[in-house]
Amino acid sequence: MKFKTLILASAVSMLTTTAWAECAFDNNTSVKSLSAGFEAWKAVTDAMGECGNFSASLDQEFREKQPEAFAANPSLYQIGGVANATMIPLLNAGTIRPLDDLVAKFGQDLTPNQLIKVNGEIMAIAMMVNAQHLMYRQDILDDLGLAVPTTYAEVLEAAEKIQAAGVVDYPLGGTFKTGWNLGEEFVNMYLGEGGTFVGEGNMPTINNAAGVKSLETLKAMTAYMDPEYLVSDSTYVQQQFQQGKIAIANLWASRAAAMDDAAESQVVGKVKMASAPIGSAAPATSLWWDGIVFAANMTDQEAEAAFKVAMEGLDSEMVAANNDAAVWLVPGYKAGPLAQGAAASAENGALPYPASGPMGIMHTVLGNGLADYLTGAKDATTTLADIEAAYVTAAKEAGLVQ
Amino acid sequence: MNFKTFAAFVGPSIFMMLLFIAFPLISVFSQSFYLTQPIYEIIEVETCTPGFITQTCVTEEQSIPKLDEHGDIIKVTKFVGLQSYRNVLELERAWDAITSGSWRAFQSIDFWKALRFTLTFTLITLPLNIGLGLAIALVINNASKAVRGPVIFISLLPFIITPVIGALSINWLFRGDGVLTAAMEWYTGRDIAMFAQAWTIELLMMVYRVWHVAPFAAIVLYAGLQTVNQDSLESALIDGATRWQRLRYVVIPHLMPLIVFISMIHLMDAYRVFEEIVGFSSQGHVISLQWLTYDFLVPDQAGNRSISRASASAMLTMIGIIVLLIAPLRRTWRDHKGGH
């Protein structure tokens, strides 16, 4: 008897204390999701979980598992979390379903901006955008009488003055870790210079003046960075900020909230956000989106249940509870000061990341090949020529270049 | 033992070896000569992605793989001979670099860069491993009975730690202003960055590897020390041999078969150096052959992976290990023949 009351009491208290933790319907079809494991995904999948019969795999290695898992029939997961680039293999293999009918039926709360369309068909629902943009220490710039830099020339100028003043260990931070991070830095710079990565017949087109300029800017920045820049990833740069070791960095919007996390950060309230520095053509950044896709290999009934569960995860109540976890696209999001950098970059004309099959190869060879230029082992044109050669070898093996 | 009993005992293990070692090896070997590709067609695609307020739509030509009637990607496999090996070795570029006498250009080719590091790593850690292992074994052997147990336990600890975890801990101790880097900076009064240049990373990797594997050598050699003929040692002592001479002329010759055994194990292990590259995230400065194979095998974000080059690179790694093992194997074979 006593036990029953206890359960009843706790159930009631759960209902009252977490009023938003309610699902509009009772889900009785088993739904599984596989996505990346960062904060925003945790928030979304937790909200989906309220409908019951739902289990989420938050896995940083998701992109290696997703293509195989979705190719199985029936698919091992009903819901997949993807970004611009990681949707490509699923799209190519035809393992995700068009969502037009489901959106018409259950997607009344979605905004047109959230609907990812390929050839007019809705293939994914975006939930957030992410981009690298300028973060800077307002107090340091104020003390030295510096304006917020808007181009990389100004960033370097400010770095010189901050270095001379000696107020931080290193004026600049950067996600220059060899591999994906370093590749992304070049992608940002090169997009800012108005470059394109692949052209006719998927042949590479990076060995040009814009490519050399991008490399030179990257190298000029390293002079003001921690000499161990080739091992510093987003988390490391975030910590450098939090520990007051750096003053300026082009860092992911999803890391902004950590600057004001009093438990970790010694610079609460001092780090401000601005647009990514502008190159000759556009801001030196690329816009990413994260969102959900639905497996093609499941019954329509399962798809309906999965879609309804997913809509529960992407509702305004979830955003209200996790407003600062990401730059949400979901209605109800209040763009605070932390989202300012991403918003300003987009306003200045930041381009979306040019995700495609060939771009996947390009990003990898860039990430592997750029270090040789930064360490001084090769000059700029040799580096770019070698990267193009590596790209052609890999693209030929993949069948993308004849 | 009659043949039937023998077969019943050996059969399962031969079956396992075929299933888990021989067949995968044959499969990798054959894959290195073939190329499997999807068939792409160029299609104009309109993609709409979210901006901050409104969407951006782009129409461009994209290569999309063709699907068959079951909705699977159509793939063709063709024989390409040694093409994948040529792609890994890049012999032409390597030859150009050698003839122009540029070591730098030579070392900018992934395979040769990886081979250079893998060989230095293997050959430098080998004598250090044996030397330190022997030293630890002698310390254990000379320790009094009361403390011998704890000494063995402590000297075995590094060997118990999972290699990636061990490498990561060393990484954290030295990264940025890590505890040990800070200590070195305090001692020398200079700003030190251990991960800013290749040679310090290589040094850390070698120190870590020797620290990690020396206990294995030590425990094997310690076992060997128990069987040293005490009479020979005593007679050497009477003949006035110093401690060093006894070690050099009595103990080490006795341990030689074990030293060859440890060397072979070490050559095989060290040539496959991989954990250190990942643990120290040294790819920007230093790569190894095994890491190269791994890098070919990991799919990029668009799902492309270079299976053929990975297979070729794996076969080349195996060939490298076999070449390194020829010398110690010949020695063992000679000793074996001499013994009968």
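**Exercise 1. Find the handedness of the link between Cys48(B) and Cys57(B), then describe its two ends.**

Step 1: look at the torsion. It comes to 110° about the S-S bond, so to speak a right-handed link of Cys48(B) and Cys57(B).

Step 2: check the bond. The S to S distance of Cys48(B) and Cys57(B) is 2.1 Å, a disulfide (a pair of cysteine sulfur atoms within 2.5 Å). The structure holds one disulfide over all chains.

Step 3: Cys48(B) is buried at 5% relative accessible area, while Cys57(B) is partly exposed at 43% (buried is under 20% relative accessible area, exposed over 50%, partly exposed in between, with a 1.4 Å probe and protein chains only).

A word on the ground rules: this is a predicted model, where local features need pLDDT of at least 70, side-chain atom pairs count only at pLDDT 80 or more, and totals for chains, interfaces and linings use all residues. Side-chain values use heavy atoms, without hydrogens and water, residues are numbered from 1 along each chain as its sequence is written, and chains are lettered from A and ligands numbered from 1 in the order in which they are written.

**Exercise 2. Is Ser281(B) buried or exposed?**

Step 1: its phi is positive, about 35°, though Ser281(B) isn't a glycine.

Step 2: Ser281(B) falls in the loop between helix H12 (275–279) and helix H13 (289–297) of chain B.

Step 3: with 7% relative accessibility, Ser281(B) is buried.

Definitions and conventions: Helices (H or I, at least four residues) and strands (E, at least two) are DSSP runs, numbered from the N terminus.
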